[in-house]
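Biologist: Please take a close look at one part for me: the packing inside. Which residues sit in the interior, and what do they touch?

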Amino acid sequence: MHIEGTVPNPFRRRPRPGELAIRGFLFICGALSIATTIGILYELGKESYLFFADERVSVLDFLTTTVWQPQAGRFGIWPLVLGTLMISVMAMLVAGPLGLLSAIYLSEYASPRVRGFFKPVLEVLVGVPTVVYGFFALTFMTPLLRSVFGANVVGFFNVASAGIVVGILILPLISSLAEDALSAVPDSLRQGAYALGASKLDVSLRIVLPAALSGIAAGFVVAMSRAVGETMVVTLAAGAAPRNFVLGQDPLFSYVLNPFQSAQAMTGYIAITASGDLSYNSIDYNSIFAVGLALFFMTLGLNWLSRRFVRRYRQEYE
Amino acid sequence: MVNPPFTRHTTEETMNESRTDTAPLVSTAAAEVVDAVMRIEDVDVYYGDFLAVKDVDLQFARHEITALIGPSGCGKSTVMRCLNRMNDLIPSARVEGKVYFNDRNIYDPDVDPVEVRRRVGMVFQRPNPFPKSIYENVAWGARINGFKGKRGEMDDLVERALTQAALWDEVKDKLHESGYSLSGGQQQRLCIARALAPDPEVLLMDEPASALDPIATLRIEELMLTLKEQYTIIIVTHNMQQAGRVSDRTAFFSVDVDERGQRTGKLVEFDFTDKLFTSPSEKETEDYITGRFG
Amino acid sequence: MSVDAPPRRDERFPTDVEYRDLLDRRTRRARVFQVVSLLALTTGVVALATLIYTIVNDSFGWVAVVNAREPEEVVEDLGFDPAEVSLADIPYDDLVGLLQATVPTGVGRRLEREQRFYEDRLVFEATATWDALCASEGAPLGCTAPPRDHANLLALIQERVIVPDVIASYELVPSLLDPDGFTRRLEEGFAAGRFPDVDIDRVRIEWRNWFNPTFLRTPASSIPEIAGIRTAVLGSAWLVLITIGFAVPVGVGAAIYLVEYAKPSRLNSFIQTNIYNLAGVPSIVYGMLGLAILVRALEPVTSGAIFTAGPAPSDNGRTILSAGITLGLLTLPVVIISAQEALTAVPNSLRNAALGLGATRWQMVRSHVLPVAMPGILTGSILAVARAIGETAPLILVGAASFITVDPTGPFSKFTALPIQIFQWTSYPQEEFRNIAAAASLALLILLLLLNAGAVILRNRYIRKARW
């Protein structure tokens, strides 16, 4: 209401219900991501709790014993973790040096035409579905390893085949992240180094590479996280037999760390168990969530680590 | 290896020898360069098909400061980059003509540009220290050039370079801190120390103080005057007063615009600084100095 | 450089001669490094080439086949001229008659219960029995599923009447380079007794394109010789629809909120970090989320029970809807992040211009920011969805059916998907499964290639349109 003779305030804030509704909808979209995280944590937590509540299982055994044999009631997670780590480390050993060298070449040496050829190829490698990589591991890599090292040394299911193929899978990831880190190094640093009488090799390896180090480290950690979470290659090529071991008793290199025998990884266990008959209230059902929880924390930790590296890397050019 | 005898040219003789067209003569009346550590002879610089700067003839006297001035786009930085073959890093760049360092053409096919840069150092417009410690920044250049000294001798070299750059007192207690912990002016002096560490003969400075505040600028200028006793300094600057304060000789560049609108740089006048600023021979020079253009 | 130079002032630096040696050594090392790093780069190319080679190699080649009944015999028995008419041309009714004549009634009834032959009449079952069956609890699929079509029936005939058995296959490259090698290998195999129960005279050697247009149209089968990927492709198509329908609106909406509306606050930065974390979570964990919440807890919704008064479309929650939303959740963080990048790339001057004229925030976003950011958003979404198509692990968890031949009809259907099919076929030991796994992989790769190419083309067209 306004008093006769005065002018209504033209700038009064008019409520716009349409705007509010839209804003609310958009906020819900954003908040859905939080619901997802809550859902993951809740479900993983709940089923893991049920798992540990079963009298056959104890948290201590889960975390400390080294035999995973559900049929016999043994639920030590280390064999599965060992499988995951062996494959991931192997993948990093393949992809790390190759990816880094590729990145250095692309960033410091390659002409635009060469880059225009190699970068799309790497993009395609990223787009190949992991199940096709699994097929590749089984039908090409395993026979190759068996013919090189001997069919009695290399088992039909083995860690090495999965490890190498996962390495190929993450190679483009390392290469592109490392290349981003190298390209982000300001050109003024290169110019300063050249002006001192440095050769291209000096500039690339002794100025640019150290400057980009934390960005490269971040890339490595992201790739490792990807390798840890990889399921299909591991399920198809590394086998379904957990590498149960007894520390101190079993020979270290010919058995525990032998890459030529099968070893089930955490993701492999979850996939195989879930694709069989699974009733909702069985201990097997609960066990996959416990393993899933461990997996979730592993990758979460790795991703947090990579973001720490990225933050340090951003500070370096101030 | 037979050394060509050390020849002396007067600037005028050089001009007469290389003049092939009827373009206006560069005025070089009394600027006789007796002892030229570097010479530029009939140089054109192209970026692809584009002629960036043409017909440059210059001599740089030993232990003097020579300034290159002119409006933007006149090619002065391009010319300076010819002196240490930094233009080689630009894929489309092409240099025609000769550039002599102590009477040896550095653009000879059998000369490795890396070798040239060992003798001709450079400081850039914006300070660009490496992400390393202050000590390492200075030591790095010496190391890659094959410094043979042991640890203690490297310490001496770092101290020498930092002292020459008038930075030693400020950083001697924090040599192992990052180069980025210094202020802008200090970083630039660090870059100067870094450039001096490999013991070059010539120091190129591309607008070294343009990114700095007036006080830091003054310190850099004072530094230049002390350094010229040991080194030969060539600077590019768009600050005429700076050129006037600091340099012994000055080369003035300008831009020619052809019918298609293409801008090509050219050398207009090269003379002792006081002469150039008080009684320039060319009208273009006079216009620039008095602020009528550029 | 010139020996005439003034002597160097510092003797601790190398002399000219020493320096030149140093330089030569450095140049040699540099060249080695350049070659090594180029080699490293080419391993990526080599790996990709090997992968494609392996797949293509297994998708074509000679095979040795033994049929229980030859297709030409069957055609002739039905009264047609095998020179003019092939099995695929035989009319539907004749094929049904053939099936009736060949297959025991029990088997026929089972087939009919899986999927009827006709809409209006039954072939193997009595009407009364059928009606009773369909009204009861646990009614078979055939009660509600649409009847079989010609392609479906042909597959059945192959499976039950022809019964082709590939006893050996030969890869593409050896087939082209050394065709006789196959015959030799077979003869050796027979001599060594590797093919018991096979009459060597009935063995036909023919060229087989495991990857061919029929492959795409044929439904799955337990017999690899006649299996196709139709069921799987349709399943994947349905999944993609639901994934896009869920992830793109929600993802772009979230991105718009975060970029245009959200003020810096603890909640909003927490949402942002959360999204980055979610993008790094392994896909199998999303599968577990889908299993626990969508399949199990929300079973009434995902099986369609709450939408119909009668029997639910599906007897459990393992439906396309569950899988689609699971994949949607998986893709969501990636869509959000790429949409955010596209939106932040829009210059602020555009926003300020619109706001300065008195536009509300939504008006500004809708008419000024979104059109400019659209190419980036579209490309990012298509790429994210292309990734989702290739995902297998979440689908395993959410219960893609291990063996299904019926085409999916809606969001509440049981389903299989292309990557799941590849996974299954790869894990079977028989050689022929390797061939069809390769062919299916080839199909998947081509599909993805088309999608990616489409994304690039779309983006380029949009960029052209947006330029005024």
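Modeller: A residue is buried if 20 or more other C-beta atoms lie within 10 Å of its own, exposed if 12 or fewer, and partly exposed in between, with C-beta atoms placed from the backbone. By that rule, 41% of the 468 residues in chain C are buried. In chain A, buried residues make up 51% of the 318 residues.

The model is predicted: local features need pLDDT of at least 70, side-chain atom pairs count only at pLDDT 80 or more, and totals for chains, interfaces and linings use all residues. Residues are numbered from 1 along each chain as its sequence is written, while chains are lettered from A and ligands numbered from 1 in the order in which they are written.

Take two residues of chain B to see the rule at work. B:I40 has 22 other C-beta atoms within 10 Å, so B:I40 is buried. B:D156 has 11 C-beta neighbours inside 10 Å and therefore counts as exposed. B:I40 belongs to strand β1 (residues 36-47) of chain B. B:D156 belongs to helix α5 (residues 151-164) of chain B. Both are DSSP runs, numbered from the N terminus: helices are H or I with at least four residues, strands E with at least two.

What does B:I40 touch? Leaving out residues up to four places away in sequence, its partners are B:V56, B:D57, B:L58, B:V79, B:C82 and B:V99. To touch is to be in contact, with C-beta atoms within 7 Å. B:D57 lies 17 residues from B:I40 along the chain, yet their C-alpha atoms are separated by 5.1 Å. B:D156 and B:Y107 are 49 residues apart in sequence, and their C-alpha atoms are 34 Å apart.

The partners of A:I87 include A:V159, A:A162, A:V166, A:A227 and A:A265, with residues up to four places away in sequence not counted. In soluble globular proteins, nonpolar side chains tend to be buried together.

Helix α4 (residues 112-127) and helix α6 (residues 159-183) of chain A have axes that come within 8 Å and cross at roughly 135°. Axes are lines fitted to C-alpha atoms over the stretch in contact, and angles run from 0 to 180 degrees between N-to-C directions. The two helices are therefore oblique to each other. Oblique covers what is left after under 35 degrees (roughly parallel), over 145 (roughly antiparallel) and 65 to 115 (roughly perpendicular). A:L122, A:L125 and A:V126 of α4(A) make the contact with A:L171, A:P172, A:L173, A:S175 and A:S176 of α6(A).

Last, the whole chains. Chain A has 13 helices and two strands. Its C-alpha trace spans about 100 × 65 × 35 Å along its principal axes. Among its contacts between residues at least 6 apart in sequence, 80% join residues at least 24 apart. Chain C has 19 helices and three strands. Its C-alpha trace spans about 105 × 70 × 45 Å along its principal axes. In chain C, 74% of the contacts between residues at least 6 apart join residues at least 24 apart.

Methods:
Two residues are in contact if their C-beta atoms, placed from the backbone, lie within 7 Å.
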